[in-house]
Amino acid sequence: GRSLPGGRAAAATHRNDLAFSGLPLPLSARLVHHQGAAAVGRSQPARLRIGGVERRGRARLQGARDVRAAMQPLGQKDSLPMEAVAEGLQTGQIQDAETLSQLINKVTLPKHPRARFGELPNGLAYCILPNAAPAGRFECHLEVCAGSADELVSQQGMAHMCEHVSYMGSKKRERLFGTSSQTNAQTDFHHTVYWASCPTYRPSSGVPMLPLALDALCDVMEAKFEPSRVEKERSAILSEAAMVNTIDYRVEVQLLSALHEENRLKKRFPIGKVEQIKSWSNQEVKAYHAAHYRPNNAHLYVIGDIDTDEAEVLIQKTFSHLESRDPPVYPPEEEMVIPNLKNDNRFLPPVSHEWLGTRSHGTDKPRVHIFQHELMQSFSAHIFAKVPVEPIRTLADYREAMIRRIVVVALQIRLNVHARGKPIVMVEFSHLDSPREGCAVCALDLVVESDDWQNGLSIAVREFKRMTEHGISQMELQRCLSALLSDSEQLAAQGDRMTNQDQLQYLMENVACDHTFMDAMQTHQATQLVTAGLTVEEVNGVAAELCRHIAYFGKEGEPMPSSVVACAPSGVDVTADAVVRALEDAAAQDVAASEETVVPPTLVPADKLASMVAERKPSLSDADDTGGMGVVCKKLDNGVKVNYRTCQSESQRAHLRVTVPCGRAAEKGFAEGSMAVGARAMQDGGAMLGWTREQVELFCVDHLVVAEIACNEEFLFLEFVFPTNKVSNEPDDVSGMEGVFQVVHGLIADFKWEEDALERAKQAFVQTHEQVSKSLEAAAAEHLLDGMCGGDARYLSIPGEKVEALTLDQVRSAVTSRLTTDNIELSVSGDFDPSELERLVTSYIGTIPATSRGGDRAPESIPGPLPGAVRDLFLRVPDSDERAVAYVAGTAPNRWGFLASGEQALDTQPLKAPNPAKRLLAEFSGGGGGGRGGGR
């Protein structure tokens, strides 16, 4: 079971992945907060409009009547269906933003039409949601509304212990083994969740699996606490407690402790206290289970390829015998605050918070916490503000949430510009509901260079003040609205093809936050309605309130952040007073409005593209090799290989990868680290085709293009995820797919290498090498590879002095020597028109002048250990907390199936002597490193 606390830093990174080149959130995160957390993009001017996705079950006549009735003086009609307002907007009956705003206040959000919510007489709540993806599978999640925040002082870690014993010791769970099922559990502040992901029918017999899965989860509620099982899980948890105690975990603990200084979350981390875990008796753990594992304190979710009626009958049959019980009564010495959040919502932890605005400058002292450790590599600052979770039940609620998301996304794009230069390394801003903490957290997370942290803080604070005083521009608003609508439309088109896991995450957070759970079509319609007629003045009003606790830090009467945390390596000169002074000084400075960057609608004008095609006359032909499995293989006359396959797993989206065989293995003959650092310099750069880096980055933002350039031991990758349709209705704008091909063309044919991008890349690699040397796990793995590969530097992290010595010419020469048309393979998978794809490939990739890698193309070898190398290696990494890790490794076939000797591990021909399996075992047991093509 997982007991990591997550932490504010980790949560911000995971849930606010808006970042580089306009990255949209992953699908699961895009669903959270009613699709309000989408990436930003370019837009047509805001106007009253609705449409784009066919709507189901419309009653036009009745809808018109409802609209006319609702447009009577306010108060004569209390509520209105969302469908009626959409109908009135589409038919032109709603002509102005004021009328639309009045109607929005009357609309209660519709519930998901296929989700069935219910509750058994014993209090067990359940939700059943049929879902088509993946076909033939379902998931059951049992959420017990008791986590580490519910523990007594003497029970710290018992929720996690109970999780281990209840599920790992379940005999009924073992009946799921060997059926292509997965099971697991996790403990957090506010709950413990047990889950089973299963095929709808047992593969071997065709027997339905839902009864078995429900039995396994019900067994958790009636767990047997056998002494042998308790002792076994105690040992596992103690081991887990040691392994989880990384420096990242310790930083997360510091952040959460500071954020929740006024309540019990600061001292109720799920992993618990080791000395208590060692001491509990079997009866003590059983007593915790009896107090909290009650049907009236649990919620069951069943989602997937199932029949709703059958599932409901099975739930009643399986769980109805459980008896409802009263909640535990906490003794006075526990200092359990009453009332608390859990009294009103059982999905939240039993705590109370000091909300933003409770404390103010001039009256209270700022809460600043400093954490320093020898294992830390950089300076980070975190400014938090806690506000209540606002349930989203009406269209007006949804509109407020959407405006907040627009502000967050617009500010994040501005902050990203600063993250491309010194002293800021990374900066993220988020405003997210957190059921685990029982609040919504507005967080600024900033990583800066340790020797210039005051300047880094000042830059960020001034950007917040700029947003507070000047707001966003009309162009920024248009960009955000267009992106929100495009992303919402894609999700609506996908319908029930969203995976069980994505749907479940969205559902569980909606239930916990008391939001109305809608399907993708309803959400898209709500998004269209709330964005229609939205004005820049409304958005800027919210921006001023959302940012002022940072923008006006130190100003008398202004709200004070809930907490400020600074984390730094040992030896960095930082104090709480110094942090306060830096924030106050920055907030006192005057700021001007942001300057607009002109963003091109296309990177390659139509006339220039026509000229290139006329000059090059590119052609695309069938490749010699056939792909199979629906893959179409082609080849351009300049040598670029092209593979594509259509699939509709995500509607109107696709993934493109440019693969270049080289990687760090190809650094032989070049400066050490040149290939890896060069790839990162391309990622941190972006100027091409006569456009600046800022223009290209905003072009990617506008077209919802995710871009990543990476290098591993074997390959250089150019990765893109993008919409295949047009994001905006502007006539000059290209589609997301055409935009990607323009970027790929620029990267290969006309990329501008820049010194400042190289410096940022160097900084990242120097920091990585330092992190490896101070991380127990990473240092051990590095030591192991050093021994297995004979000390070959290409397979190890790059020392700082080697990184600093690299020049722009060296990294450019290394990368471009392999980025030749005869050494490039381009693969695309997604929801697109094949004929359109071939046109774009031919026009943009086929017009790249032919170039040749030349030289020896033999696969690079991974060297073996040096003669007489020690087989058993030991390494000590200094740390304030003693921990240990062990790795066992040997040679194995590489991904292509070759052994170190060059032989194939498994012959596709009829078996010959010696038996390939025996040869494989002999190779593995022989020890040593790999030779030509050998894997690790």
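**Figure 1. Pairing of strands β12 and β13 in the predicted model.** Strand β12 pairs with strand β13 (residues 632-636) in the antiparallel sense, over three bridges. The model shown here and in the following views is predicted.

**Figure 2. The open sheet of seven strands that contains β12 and β13.** The strand order is β12-β13-β14-β18-β15-β17-β16, and the pairing is mixed. At the edges lie β12 (620-622) and β16 (706-711), each of which pairs on one side only. From one strand to the next, the twist averages 20°. In general, strands of a sheet pair through backbone hydrogen bonds, in either a parallel or an antiparallel way.

Figure 3. V165 is placed in helix α6, which spans residues 158-168. Its relative accessibility is 1%, so V165 counts as buried, the cut-off being under 20%. Apart from neighbours within four places in sequence, V165 is in contact with K224, F225, R229, V230 and E233. The C-alpha atoms of V165 and K286 are separated by 9.7 Å, although the two residues are 121 residues apart along the chain.

**Figure 4. Packing of helix α6 against helix α12.** Two packed helices are described by the angle between their axes and the distance between the axes. The axes of α6 and α12 (residues 282-292) cross at roughly 90° and come within 10 Å. The two helices are therefore roughly perpendicular. On the α6 side the residues are M158, A159, M161, C162 and S166, and these meet E284, V285, Y288 and H289 in α12. By type, the residues of this contact are six nonpolar, two polar and one charged.

**Figure 5. Packing of helix α26 against helix α27.** Helix α26 (residues 755-774) packs on helix α27 (residues 776-788) at an angle of about 95°, with the axes 5 Å apart. This angle makes α26 roughly perpendicular to α27. From α26, the contact is made by V772, S773 and K774; from α27, it is made by L776, A778, A779 and E782. The residues of the contact divide into four nonpolar, one polar and two charged.

**Figure 6. The buried face of helix α5.** In helix α5 (residues 97-104), the buried residues are T99, L100, L103 and I104. Viewed down the axis of α5, these buried residues fall within an arc of 135°, and so they line one face of the helix.

Conventions
Residues are numbered from 1 along each chain as its sequence is written. This is a predicted model: local features need pLDDT of at least 70, side-chain atom pairs count only at pLDDT 80 or more; totals for chains, interfaces and linings use all residues. Side-chain values use heavy atoms; hydrogens and water are left out. Buried means under 20% relative accessible area, exposed over 50%, partly exposed in between (1.4 Å probe, protein chains only). Helices (H or I, at least four residues) and strands (E, at least two) are DSSP runs, numbered from the N terminus. The arc is that of the directions from the helix axis to the C-beta atoms. Contact means heavy atoms within 4.5 Å. Axes are lines fitted to C-alpha atoms, for helices over the stretch in contact, and angles run from 0 to 180 degrees between N-to-C directions. Angles under 35 degrees count as roughly parallel, over 145 as roughly antiparallel, 65 to 115 as roughly perpendicular and the rest as oblique. Ala, Val, Leu, Ile, Met, Phe, Trp, Tyr, Cys and Pro count as nonpolar, Asp, Glu, Lys and Arg as charged, and the others, Gly among them, as polar. Two strands pair if DSSP finds at least two bridges between them.
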